[in-house]
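Student: I have a structure to look at and would like to go through it with you. Could we take it one question at a time?

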Amino acid sequence: MIIIRGVRHGIIDIPSCAIPEGHTAVIGPNGSGKSTLLRIIAGLEEPVRGCITIGEQSPGESAVGWVHEVPGQNSLFTRVRDEITSPLRFRHLSCDEITSRAAEVAAQTGISSLMDRELATLSGGEQVLVALATAMISKPDILVLDEWDSHLDAPSSAMLQNQLNTGGVRTILQCTQNMDLAASADTIVFLTKGRVKATGTPLDVFGKCIDTCYYPPSWRWREWNLRSKG
Amino acid sequence: MEVEGMELAFEGVSVTRGSYDIRVSGSFCQGINLVSGRVGSGKSTVAAMAAGILSPDGGSIHRKGISTSMLSFQFPESGLTGSTVKEEVYSYGVHDADTLAMADLSGRGEDDPLSLSRGELKKLSLACVLSRPWDLLVLDGPFEALDCRGKREVCRWIEHRRSSIVILCTHEQHILPRIDALWEFQEHTLVFRGLVPEALARWDLAPTSIKTLISRGTLPFNVSEDDIREAACRIQG
């Protein structure tokens, strides 16, 4: 469980919020503070006021995998294989273990054929996949994904979301503008102007915004299909 | 000024990427050309060649009647030149107040552009690009990071550019402008699917809504939200 108490930081102003284990989607308009909230939870920034705990730990003490909204922003190496294996190399794991884990995570993210490419020659979507593989290779307790899906085509993002949901990571926190992806989460946190406008299951939260463009398109289609078939 | 018969022609163009080639042949004409494709298929490569910032390894690219062109980058962070939002707007040679209003950033002219959220920065860069007329306008991933209201607004801006050659490379599935022509990558070869609406039946990566409508015997007139709703109403009666 992630507990947020009295946090003020930049635009973020959250008196209290509890995010359960599982898959949480953070949604909201541009500039509502989604990325700022994710950075604080990932321990990349300290809140000016208030505190966040993840289980019994502070964000900085937790094993967090992070994917930046601009892929390549956090890259350290020029070759894909070096970038993906770097978290394990820094921990001095054995070469066999690193090779085996890299092959596993590359297959999961569909980038086995890119391992010897230079990062600079990859497309934006491919760079996201590399960032995701790098975040996943050390099997973090929490995976924080800052709008990773916006650079991906629909089949790729659906396939990867499925991998993430079944990949054994206890807590996944992601922000997205894809409401169909958000609807597949266990919990939704809807931010506006730095505050939590609504939180709960997708049914709870999206049920309150049926007449807005935040309502998941796939839900509209499902309802239309039911109506049109009588 | 509208130029009759503008055309951007790719003749046997190829670019080598690792172990494969990206191949493009065909002509982009006036109107909105949607380029669809999987991750890594070659959309950004085509965008860069169309804008003239990448030379092909093989083949040739010809511009007919095109005097001005502009590329909207997939990642606007990498193209920033101003240290304030206002300076960034000026760098495009456009009026700051109008452009800031377009981007919903009125009153934030003195802010550091890197202090904007990614969606705000994306909208700012699109507002700058779309504040001036261009014969050729290349938009690489324009909807990425935008919220649904922003996407709808950008669709309206793009639809006003139908007299230009607009090349729109995107993964967006739900909120799209009305388009004129459809192109799609098959593996790494760009294929012209045809003019809309007939081309929609040949679109492999078509959104679920369009595939559902076609499977039930109804071809939408176009790909905008209004067109999809109208086609759905035709079925429902």
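Student: What domains does the domain assignment of chain B give?

Tutor: This is a predicted model. In chain B, the assignment gives domain 1 as 7-68 + 135-236, and domain 2 as 78-132. The C-alpha centres of domain 1 and domain 2 of chain B lie 26 Å apart.

Student: How many residues does each domain of chain B bring to the contact between them?

Tutor: Domain 1 of chain B brings eight residues and domain 2 of chain B brings six. On the domain 1 side, the residues that touch domain 2 of chain B divide into five nonpolar, one polar and two charged.

Student: What makes a residue part of such a contact?

Tutor: The cut-off is a C-beta distance within 7 Å, with the C-beta atoms placed from the backbone. By that cut-off, the contact between chain A and chain B takes 27 residues from chain A and 33 residues from chain B.

Student: Which elements give two or more residues to the side of chain A that touches chain B?

Tutor: They are α4 (124-136), α5 (154-165) and α8 (217-228) of chain A. Of these, α8(A) gives the most, with five residues. The residues on this side of chain A divide into nine nonpolar, 12 polar and six charged.

Student: What does the predictor say about confidence?

Tutor: The complex has an ipTM of 0.89 and a pTM of 0.91. Chain B averages a pLDDT of 93, on a scale from 0 to 100. In chain B, 98% of the residues score at least 70.

Student: In what order do the three strands of the open sheet in chain A stand?

Tutor: The order is β2-β1-β4 in chain A, and the pairing is antiparallel.

Student: Why is one side of β2 (12-19) and of β4 (49-54) of chain A left without a neighbour in the sheet?

Tutor: Both strands stand at the edges and each has a single partner strand, so one side of each has no neighbour in the sheet. From one strand to the next, the twist averages 10°.

Student: How do you know that β1 and β4 of chain A pair?

Tutor: Pairing needs at least two bridges between the strands. Strand β1 (residues 2-9) of chain A and β4(A) have five bridges, in the antiparallel sense, so they count as paired. As one example, A:R8 has A:R49 in β4(A) as its bridge partner.

Student: Which helix packs on this sheet?

Tutor: Helix α1 (residues 34-41) of chain A does, touching β1, β2 and β4 of chain A. The direction of α1 makes about 120° with that of β1(A).

Key: Residues numbered from 1 in each chain as written. Chains lettered and ligands numbered in written order. Predicted model: local features only at pLDDT ≥ 70, side-chain atom pairs only at ≥ 80, totals over all residues. Contact = placed C-beta atoms within 7 Å. Helix = DSSP H or I, 4+ residues; strand = E, 2+ residues; numbered from the N terminus. Nonpolar A, V, L, I, M, F, W, Y, C, P; charged D, E, K, R; others polar. pLDDT = per-residue confidence, 0-100. Domains from an automatic or database assignment. Axes fitted to C-alpha atoms, helices over the stretch in contact; angles between N-to-C directions.
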